[in-house]
Each structure stands twice: as C-alpha cells, then as structure tokens.
Amino acid sequence: MKHFFYTGKYPKTAKKKIYAVLTLVLVGISLAAALYAAYEAHSLYKEQEKFKKMADETAINQKALSQASKPAKPEENGAILPQYAKLAQQNPNLYGWVKIDDTPLNYPVMHTPTDPQMYLRLNFDNEYSIAGSIFMDYRCRKDSDNLILYGHNMKNGTMFGSLLNYQNEEYWKEHRVIHFDTLYEQQNYEVAAVFFDYVHNKNDQGFKYYDFIDAEGEEEYNRAVSFFKEKSIYDTGVFLEYGDQLLTLSTCSYHVKNGRFVVVAKKLEHY
C-alpha cells in the first residue's frame, strides 16, 4: 500500500485550476470596477447637465428682470430674487449661487448651520453624489467678515476643480471677479489672494484660514489679511482693509497631506 505525504506542492492540474479561479476573480473585480466607474461618470454627467439647466434658467430669469421697464429690487423688501425663487422652493437649504464667468464654476450654494457637512456627498436633490455640492461653512452668517465656501476638486474640472487654474496669474487677470449671490441680493467679489495651505492638527497654534469667519476686532482682521497676502502665490495688488467683507473658496489640493487650495476675494460695493 502506497502512502502519500503533502510535500508543499500542488499537482499541475490543481495549479491550473487555482490560476483559472484567480484569473476569473481578478477579471470579475476589474469588470465590476469598470462598471462602477462608468456608472459614476454617467451620474456625474447627469448632475452637471442638471446644474447647467438650472444655471440657464436662472440666467434667463435674471435677464428678463434686468430688461423690465422698472426692475424690482426684491432685496429691499426681503423677497427672494425671481431667478432663485423656484429653486428655493425645491430645496430650502439653498443659500445662493456662485459663478465665475467663462469657467465651469456655476453652481447653487447650500447652507445647513445645524448639519455642517450635510452636502459633502449630497447633490441639490439630497441624493448621494461623489461630487457633493458647493456649501457654505455652517458658522457663517450673511454679515460675517468672511464667507467660506467649500467644494470638491473634481478631476474633470467641475465643482471647485477649476479653482486650481488660479495658480496661473494670467488666469486671475481674466477671471478677477466672482459672482456670489444670496437669495436676496446680487453680489460681486474681486479676487485678492490665491494660496496653498493645509488643514492643521487640532493643537497647532498657526493661523487657520478656515477658522477665520468673524474677527473680534480690527487687529485680528488685519492679522488674517496679512496672512492671506503673505501666502499668496502672486501679488494681486488688491487692497484689503478692515470692514471689507471677504469671500473664501476652498478646495482640496494634493501637494501635502490634507492640502488645500484657497482663493480669497473682497466684496465690491459697485461693479
């Protein structure tokens, strides 16, 4: 009678079966990944098409309003601007709209003071989305010294993906103004500083741009302005002084761990 002992080796036929199974598993994983990527890309495309339609509708309503013989000023009596009235009914978390001319950045802005990151992965219809929505820091109020907007740095340039173009000074010269409307008022901001930064550790003592919202006084405000100007990649020549309302657009950057790319602008009283 023959005795067989395990020698640490599999017969060739067994090896072939193992390789075949592993190959099928890898092919299956690759196929599933490809299908998911295709589904995600299609979903993002549909979302962007919807955003474009929303932007077109608001632009049409705004144009009709401006061409009226006696344009109404809803902000004077607390009424919502006509171009945003329908959207505000669809989602009460809508705060306003941010746009930079001749760029893909043209989106509604959400605000949820009691749920800080609600729109990190939700679209305007409150459905899951890898791109999320543009949203304002929950601590901000309409009269805050600094209004901070967050958006994902999408590889296809949507959401805040196009902000990285501000690394180029020539791009800034051609896109100096950011339009940021509330539901009640049309507003414009001039880009004053552009810089890279990162999310600090909790106990770090350094200045944290994302915590600067309401200055305790002129000294703290000026300290923030000095930080923005010193960090800026190039000198815009835009003067900032105590009393100017600032608008900060923040997105992810991959130059360091937890990196951020930041664009700071000041409100224009006349444009």
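Residues are numbered from 1 along each chain as its sequence is written. Because the model is predicted, local features need pLDDT of at least 70 and side-chain atom pairs count only at pLDDT 80 or more, whereas totals for chains, interfaces and linings use all residues; side-chain values use heavy atoms, without hydrogens and water.

Begin with the strands (DSSP runs of E, at least two residues, numbered from the N terminus, as are helices, H or I, at least four). Eight strands close into a barrel with mixed pairing, in the order 1-2-3-4-7-8-6-5; two strands pair if DSSP finds at least two bridges between them.

Next, select residues 134-136 and 146-150. These are strand 3 and strand 4, paired in the antiparallel sense over two bridges. Within this pair, Phe 135 stands opposite Tyr 150 in strand 4. In general, strands of a sheet pair through backbone hydrogen bonds, either parallel or antiparallel.

Then select Met 159, in the loop between strand 4 and helix 3 (169-174). Is Met 159 buried or exposed? Met 159 counts as buried because its relative accessibility is 1% (buried is under 20% relative accessible area, exposed over 50%, partly exposed in between; 1.4 Å probe, protein chains only). The phi of Met 159 is positive, near 55°.

Move to Asn 258, in the loop between strand 7 and strand 8. Asn 258 also has a positive phi, of about 60°, and is partly exposed at 42% relative accessible area. Most residues other than glycine have a negative phi.

Finish at Tyr 19 in helix 1 (residues 12-66), which counts as exposed at 55% relative accessibility.
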